[in-house]
Every structure is written in C-alpha cells, then in structure tokens.
Amino acid sequence: MKALASPGPMVAVDIGGTKTALLVTGGADGSARRTERIPTRPEEGPHPLFARIADTVDALLGPGAERADVRGAGLVCPGIVTETGVLFAPHTPGWEELRVRRVAAALFPRAAITVMNDVKAAALAEAREGRLAGVGHGIYLNVGTGLSCALVVGGTVLTGENGAAGEIGYQVLDPADTGVREDRAPLEEAFSGAALTALARARTGEDATAGTAFELAAAEAGFGAEIHDRLGRFAAAVANLAIAFDPARIVVGGGMARHDEVFTALAAALERLVPFPPTLLRSRTYDDAALTGALIAAREALSPGP
C-alpha cells in the first residue's frame, strides 16, 4: 500500500455512549497529534454534542488554523450508520434521523468525510496497525458498554448487506427471546458493560461499575453464580461465531477486555468448543482503537488504492 499523505489537518472523532474522543493531526506527515476527550451527554441529544465537538476541534487546531482547513475527517459512532440516520444505537438516543455525514460536512466544509460504525473502525485499526495485520480471517470483538464485533478478511472489514455484520448483541439465547423487533438485544442484555453495571447497581444501590460486579461475584457465592452463568453464555456465543467464521485470530477490545475473568472465559470456551481454536489476544489500544480507525479511514479516503 502506498504511503497515506496528509495534505493538511486531519480530524478523527469517536463518539461513545459516555465519552467522545477527538484527535487532530497537523503537519505534512500528520505526525503532530493533539487529543481530547469530552463527555457525550447522550440525554442532551446529538446537536449540543456536535456544537461541543466543533469548539473542541477549534481549540485543538490552535491559532492560525480553522476547520475550513481540515482536509479529511473521520467520524465513528455506535449503531448502523445510514445516510438518513443511525439505527440500533440505544446508548445514543435521538440519532435515528440524524444525517451524520451532512452534519460533519457542515463542520468541515472542505474535508473528505468518512462516517462509519465504531467497532468496524476499531477493526480497521487492528487490521492496518494492530494485531489483525496480515491475518487472513480475523475477528475484532468489542466488549464495552455494548457488545459487538467486526469480521476481517484479507484486511477488509466486512459490512454485510445492510451494514449490520457483526452485531452479535442481538443474538438470541432462547427461542422465546423477543429480540430486535421489540427493541431487545438478548446477548448484550445478558453480558456487556451496561448489563453488569445495572446488576451491580441493583445489588449495591450505589454508583457501581461493571468492575464492581466482578468484585461482588468474588465475595458472594449466589451473585457469583449469576455472573458465571452470564459469562458462560457470552463465551459460548463467541465460540459459535468462531465455529461459523473459522478465524485465525480474535482480538478483544473495549473496557471489559481488561478484566481477566472475561479473557479467561473466552479462551476456555474457544479451546473447548471450536474445532480449530483461534488465537485469542487483547487489543493493545483498548479505548483508542476506534479513534485510530477513524483517522485511518479518513486518510484512506484521501489516498485510496494500492
């Protein structure tokens, strides 16, 4: 692949359920980087967030530069990004009719705009610069506030017919599950950062986190059995995915990947259940993979082809 030149400032934005990360590069080679994180505040809706994104980018660009100078902008967010709205993104309400590309183009009027799903952007980063580089068939598994994955074949991140490839949070665990038609995501509701946080808060009545759930599980046998059951169902679902796709490697990212309990359960299920168990690795970047992918996507939009 030829070098991806950066003819001017480049911007990457990773919008999450709780925080939004921004990266601005400057200089001919894009080596000067400035980053910032701001709260997403999803309850306010998307437009106040984009106003704060604009203010933050202005500050990161610094004196002598303005948003009209930006040549490439990559923006990633949860859900299925379409031209008319972002679908299936329950942690960022109000985005269903938001034309993200149009809003981004208004912020960066002279830039090439790239908009994509955050987990697929993270997979792109892993495929170009991370632990899926050079892997023929790989999976990037994101276990964070939500639950999703992306499938990589020969360096290409598969999108699926409707952009929904890898949305494993909607997998059903029982034939009686109501599923997506009733705004349910059965697997994500069973095991994700949001699911474990809700369990811990119901147990303690405090401002608990997913990590609190693991602490409680270690201290209380009954609660530990529930967490073990949920973790087991999640690990089995990932094993089924590996059986269907036959990857050489699975890279796990997202905040939940830091917990040894998650990694150990996945490794055991893959070894026990999959005919050809893939190598399981943690992402090196955790929270920054999607932001890196947003920047890579923006650069590749400016310099496509080999």
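Colleague: How is the packing of helix α1 and α2 described?

Modeller: In this predicted model, α1, residues 46-61, packs with α2 at an angle of about 35°, and their axes lie 11 Å apart. Two packed helices are described by the angle between their axes and the distance between the axes, so these two values give the description.

Colleague: Is the crossing of α1 and α2 left-handed or right-handed?

Modeller: The crossing of α1 and α2 is right-handed. That term applies because the near helix is turned clockwise from the far one.

Colleague: What makes the contact between the two helices, and which class do its residues belong to?

Modeller: On the side of α1 the contact is made by F50, I53 and A54, and on the side of α2 by V100, V103 and L107. These residues count as contacts because they have heavy atoms within 4.5 Å. By class, the contact has six nonpolar residues, no polar and no charged.

Colleague: Why is the space lined by T40, P42, G45, P46, L49, T92, P93 and W95 called a cavity?

Modeller: That space is called a cavity because a 1.4 Å probe fits there but cannot get out. The volume of this largest cavity is about 40 Å³, and the structure holds one cavity of 30 Å³ or more. Its lining divides into five nonpolar and three polar residues, with no charged ones.

Colleague: What makes the largest pocket a pocket, and which residues lie nearest its centre?

Modeller: The largest pocket has a volume of about 1,100 Å³. Its lining comprises 45 residues, with G17, N142, G144, T145 and G146 nearest the centre. Among the elements that give two or more residues to this lining are β1, β2, α3 and β8. The largest share, five residues, comes from α5.

Colleague: How do the lining residues of the largest pocket divide by class?

Modeller: The lining has 18 nonpolar, 19 polar and eight charged residues.

Colleague: What is known of the second largest pocket?

Modeller: The second largest pocket has a volume of about 370 Å³. Of its 18 lining residues, V115, M116, N117, K120 and T159 lie nearest the centre. Elements giving two or more residues to this lining include α2, β7 and α3. Its classes are seven nonpolar, six polar and five charged; K120 is charged because Lys counts as charged.

Definitions and conventions:
Residues are numbered from 1 along each chain as its sequence is written. This is a predicted model: local features need pLDDT of at least 70, side-chain atom pairs count only at pLDDT 80 or more; totals for chains, interfaces and linings use all residues. Side-chain values use heavy atoms; hydrogens and water are left out. On a 1 Å grid over the protein atoms alone, a cavity is a set of points where a 1.4 Å probe fits but cannot get out, and a pocket is an open set with protein on both sides within 12 Å along at least five of seven lines; lining residues have an atom within 4 Å of a point. Grid points are joined across faces, edges and corners, and a volume is the space filled by probe spheres set on the points. Helices (H or I, at least four residues) and strands (E, at least two) are DSSP runs, numbered from the N terminus. Axes are lines fitted to C-alpha atoms, for helices over the stretch in contact, and angles run from 0 to 180 degrees between N-to-C directions.
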